[in-house]
Amino acid sequence: MTMTEPDFVLRLARDEADLIAAQRLRYDVFVDELGGTGDLVDHDARLERDAFDPYFDHLILFDQAREGCPAVGVYRLLNGDNLSTSEHAVSRFYSEDEYDLTPLRTSGRKLLELGRSCLHPDYRGGHAMMVLWTGLADYVTQHEIDLLFGVASFHGTDIDALAAPLSLLHHRHLAPEALRVKAQAAHYQSMNLMDQAQIDRPAAMRAVPSLIKAYLRLGGFVGDGAYIDHDFNTTDVCLIMDTKQMSAKHKAIYAGKARV
């Protein structure tokens, strides 16, 4: 993709064509770039999709300056108010495959699950993420969301290679007990792999993916334990952010008014 000045349009998916555009970008990132797969991934059509897609809102960033106006950024959003006991609707969050969300589910607060977040490589480190976050902030305000959460990933499944950054997250960014979700017991991977005094903090933080660092700067924290996702070739952590506890500075960043 040859870069020119972007002309962004941000909107929630409004039809099947928008959803396909999001799934095509997800294929480029999660399958081609990161080596992931899944039961419903369509390799012939190059679409990364799953059974949860019909029940989520899809916040999509398009670039009108590119031929075909492709999707270049996406967030998948599930408002907890939309969970249902009906057999024709979704009754659980996607993250519950990996984490016990009981502390969030029983908090009595309004929940929003974030997932499948990705940017086209040409748009990383620039203005595109801020545009997405501005739209996310508007969504949170409109729906009066209290807690944001979702899994975020390290590339790869070599725990020894990830020991320092995972330990740093455990020691310095663990969620308060009242909101401390925990990786499902059958797949629980401790993140307490090194004593805090042994960690080279600057090097460990450099190894933390940019998206995770951005949420930490917004006042986010992580759940207890990691989940190794061999299908997607990732090691996942659960991020939680309490919108009521965000400082004014964090709110300015979140709303796209300051640099991350």
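Is Arg-109 buried, partly exposed or exposed, and what is its relative accessibility? In this predicted model, Arg-109 counts as partly exposed because its relative accessibility is 26%, a value that falls between the limits of 20% for buried and 50% for exposed residues. Its salt-bridge partner is Asp-242, and the closest N and O atoms of the two residues are 2.7 Å apart. Asp-242 belongs to strand β10 (residues 234-242), whereas Arg-109 lies in the loop between α2 (102-105) and β5, so the pair ties together parts that are 133 residues apart in sequence. Asp-242, with a relative accessible area of 8%, is buried.

Salt bridges number 18 in the model. One of them joins Glu-33 to Arg-124, with 2.8 Å between the closest N and O atoms. This pair links distant parts of the chain, as Glu-33 is in helix α1 and Arg-124 in the loop between β5 and α3 (127-143), 91 residues apart. Glu-33 is partly exposed, at a relative accessible area of 37%, and Arg-124 is likewise classed as partly exposed, at 36%. A further salt bridge is formed by Asp-63 and Arg-66, whose closest N and O atoms are 3.7 Å apart; both of these residues are buried.

Helix α1 comprises 18 residues (16-33) and spans 24 Å from its first C-alpha to its last, close to the expected 26 Å. A bend of about 30 degrees occurs at Tyr-27. At the start of the helix, a side-chain oxygen of Asp-15 comes to within 3.2 Å of the backbone nitrogen of Ala-17. Just after the helix, Gly-35 adopts a positive phi of about 80 degrees.

Strand β3 pairs with β2 in the antiparallel sense over six bridges, and Tyr-75 of β3 is the bridge partner of Leu-59. An antiparallel pairing over six bridges also connects β3 with β5, where Gly-73 stands opposite Leu-119 of β5.

Conventions. Residues are numbered from 1 along each chain as its sequence is written. This is a predicted model: local features need pLDDT of at least 70, side-chain atom pairs count only at pLDDT 80 or more; totals for chains, interfaces and linings use all residues. Side-chain values use heavy atoms; hydrogens and water are left out. Helices (H or I, at least four residues) and strands (E, at least two) are DSSP runs, numbered from the N terminus. The expected span of a helix is 1.5 Å times one less than its number of residues. The bend at a residue is the angle between axes fitted to the seven residues ending there and the seven starting there. A polar contact is a pair of N or O atoms within 3.5 Å; within protein, one must be able to donate a hydrogen and the other to accept it, and residues adjacent in sequence count only if both atoms are side-chain atoms. Two strands pair if DSSP finds at least two bridges between them. A salt bridge is a side-chain nitrogen of Lys or Arg within 4 Å of a carboxyl oxygen of Asp or Glu. Buried means under 20% relative accessible area, exposed over 50%, partly exposed in between (1.4 Å probe, protein chains only).
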